[in-house]
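Please read them with the structure open.

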Amino acid sequence: MPHRDDARWLAAAVALAERARPLSRPNPGVGAIIVRQGMVVGRGWTQPGGRPHAEAMALAQAGDAARGATIYVTLEPCAHPSARGPSCADLLVAAGPARVVIGITDPDPRTAGAGIARLQAAGIAALCVNDPAARASLAGYLLRRTAGRPHVTLKLATSLDGRIALPSGESRWITGAAARAHVHRERARADAILVGGGTLRADDPALDVRLPGLEPRSPARLVLTRGAAPAGWLALPSPQAILGDTPELARLLHLFVEGGAHAAAAFLAADLVDRVLLYRAPIFIGDGHAALGDIGLASLPDAHGRWQRTDQRQFGPDILDILERAR
């Protein structure tokens, strides 16, 4: 049975999982916390390259204090053997906690329910609570496993009248410094960032992360073009190409689509956008470059019910709306 503090501790494990992203790829970024008599005795998150797993890190920190404790983990502990180390389910059984509270089950067929079953067979009270925050934190991994593609975030930065540039093409800057810093934070959370061929040719963007301490997390660079990509870039001929299973694409869990209007419209038309970050500056531009091209909308009723606003934030004078695709 759930305990009254389970939601709070699981939320803390979700926050820890953020530290793994995106360095744990292609493994999921998982967080784990071990609690004994209301105090944290161990915590961990998936390490760069995918190992050690979050549970192994937390158990190593807790030592003998894990016995009889409650362990909170965002994803079902793996049950399959690996040349890189024992399964997390076996590690937990050996550690002897009283309870294991799990955010969501693992769709990997090698684990899918087997991790929970192994814990319960050992007399551990293992409970999966299907936590929405844990599911959201693992969205990229879940889509990779179930749909064969990364989770896609589309970023748009516009004026109040939906423009991204003056008629001359001048676009620096629509939004202020605080909003742009948040964009860099989002870049640091992605495995790859994509722009359209026109944006690449016009702006030659670096697409790096320019936040102190996060520079090493600059994502891989993709360009939507049917032509050849320059050195250091990977070309995608269409949005549907993210369903490819080449070594470069198969490792992607989170894709950040940043520009321009053609690339944004193409991903929306293909219904391959899962999340939108819409930054709006309190300015009017009038005649200028629109944020989107044709997205294939046939009728106005078709536009409704597709998106849910899940959050709204303010960065200086700018407003950010966060939208999730209703599927």
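1. Which residues does glutamate 55 touch, not counting those up to four places away in sequence? The model is predicted, and in it glutamate 55 touches Ala32, Val73, Leu75, Pro77, Cys88 and Leu92. Glutamate 55 lies in helix α2. With a relative accessible area of 4%, glutamate 55 is buried. UniProt lists Glu55 under "active site", in an unreviewed entry.

2. Over residues 4–127 the chain is 30% helix and 23% strand. The end C-alpha atoms of that stretch are 14 Å apart.

3. The chain is divided into domain 1 (4–144) and domain 2 (150–325). Their C-alpha centres lie 32 Å apart. The contact takes 14 residues from domain 1 and 17 residues from domain 2. The area buried between the two domains is about 1,400 Å². Carbon and sulfur atoms give 48% of that area. On the domain 1 side, look at Arg21, Arg25 and Arg144: they supply 46% of the area that domain 1 buries against domain 2, more than any other three residues.

4. The largest nonpolar core. This core has 26 residues, and Ile34, Leu59 and Val100 touch the most other members. Two or more residues each come from β1 (31–36), α2 (54–62), β3 (70–75), α3 (88–95), β4 (99–104), α4 (114–121) and α6 (139–147). Helix α2 gives the largest share, four residues. Valine 100 is in contact with Ile71, Val73, Leu119, Ile124, Ala125, Ala126 and Leu127, leaving aside its neighbours within four places in sequence.

5. Alanine 94. This residue is in helix α3. At 53% relative accessibility, alanine 94 counts as exposed.

6. Backbone points to check. Most residues other than glycine have a negative phi, and most peptide bonds are trans. The bond from arginine 21 to proline 22 is cis, with omega near 5 degrees. Proline 22 is in the loop between α1 (6–17) and β1. The bond from arginine 51 to proline 52 is also cis, with omega near -10 degrees. Proline 52 is in the loop between β2 (39–45) and α2.

7. Positive phi. Which is buried and which exposed, glutamine 37 or leucine 207? Glutamine 37, in the loop between β1 and β2, has phi near 50 degrees. Glutamine 37 is exposed, with a relative accessible area of 78%. Leucine 207, in the loop between α8 (197–203) and β9 (220–224), has phi near 55 degrees. Leucine 207 is buried, with a relative accessible area of 4%.

Technical notes:
Residues numbered from 1 in each chain as written. Predicted model: local features only at pLDDT ≥ 70, side-chain atom pairs only at ≥ 80, totals over all residues. Heavy atoms only, no water. Core = buried A, V, L, I, M, F, W, Y, C linked by side-chain atoms within 4.5 Å. Buried < 20%, exposed > 50% of the residue type's maximum accessible area, 1.4 Å probe, protein only. Contact = heavy atoms within 4.5 Å. UniProt positions renumbered as here; feature names shortened; annotations may be inferred. Domains from an automatic or database assignment. Buried area = accessible area lost by both parts, 1.4 Å probe.
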